[in-house]
Amino acid sequence: MGSVNYLDELFGMKGQTAVVIGGAGALGRALARGLAKNGAKVVIAGRKEEAGENAVAEFKKEGLDVAFHKTDATDKASLISLRDRALELTGKVDMLVNCAGANVGNSFLDVDADEWDKILAINLKGTMLSCQVFIETMLTNEDGGAILNIGSVNSDRPLSRVFAYAASKAGVVNLTQNIAQEFAAKGIRCNAICPGFFPAEQNKKLLDAKRVENIMNGTPMRRYGSPEELVGAALLMLSKNAGSYITGSTLYVDGGFTCSWF
């Protein structure tokens, strides 16, 4: 019993609120569920209302405290509406997870400028805007707050045919470090998780046989990640006690991909 209480003291989130932008997607849904199962009230946000409401219905069947608010992460007014709704529902926002993302695959000479702008708007601009909006309210909290941004294994290394995505995720890590530096003394922590290969609908079309072979050869664990395997890292980064001295950090959850010399 003592060890359970100790773990709850370190990682427990009862009475806290988390906003998960992109929480109806594959990775975001796993993170939202993990936070809710750990005691947090969770507000899921995203563009697709049907997907969001389906996620909420699924979570409520599990007895989890989750709500949905339709949000465009690239629009500041929409993010302010999300923040206001979260405060209306729970009175306070302790945690923000930026999990909205988009990707497209092209050779460099085929990269379309409009497509480039769209990917950077969702992955990088959206992260910046949501951090702005929610830091404003976290600054009013007596105990600050925690932000978790989602980078990628190619935040610091190239992968073929995903030029806009790679540039955006490199920017996410740099932005994370800058926010951490700026607000550490004010009680707000900001970290990033960089997932390896977690196939979802948005990137399955990029996974031809040769690319899958290269990924497996470059991943020492020789398998893809499961979205649930991100939850432990997220709980550490977001927890007020276990993660209290962690800010500006990037944690790779990638089956060893970034340590491979293949």
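Ala, Val, Leu, Ile, Met, Phe, Trp, Tyr, Cys and Pro count as nonpolar here, Asp, Glu, Lys and Arg as charged, and the others, Gly among them, as polar. The model is predicted, so to speak of local features takes a pLDDT of at least 70 and side-chain atom pairs count only at pLDDT 80 or more, while totals for chains, interfaces and linings use all residues. Residues are numbered from 1 along each chain as its sequence is written, and side-chain values use heavy atoms, with hydrogens and water left out.

A cavity is a set of points, on a 1 Å grid over the protein atoms alone, where a 1.4 Å probe fits but cannot get out, and its lining residues have an atom within 4 Å of a point. Grid points are joined across faces, edges and corners, and a volume is the space filled by probe spheres set on the points. Two cavities of 30 Å³ or more turn up.

The largest cavity has a volume of about 60 Å³. Its lining includes Val104, Asn106, Trp116 and Phe163, and divides into five nonpolar, two polar and three charged residues. Helices α5 (113–138) and α6 (163–183) each supply at least two of the lining residues; helices are DSSP runs (H or I, at least four residues), numbered from the N terminus.

The second largest cavity comes in at about 40 Å³. Among the residues around this one are Ile21, Cys99, Ile122 and Ser130. Helix α5 gives the most to this lining, with four residues.

Notes
On a 1 Å grid over the protein atoms alone, a cavity is a set of points where a 1.4 Å probe fits but cannot get out, and a pocket is an open set with protein on both sides within 12 Å along at least five of seven lines; lining residues have an atom within 4 Å of a point.
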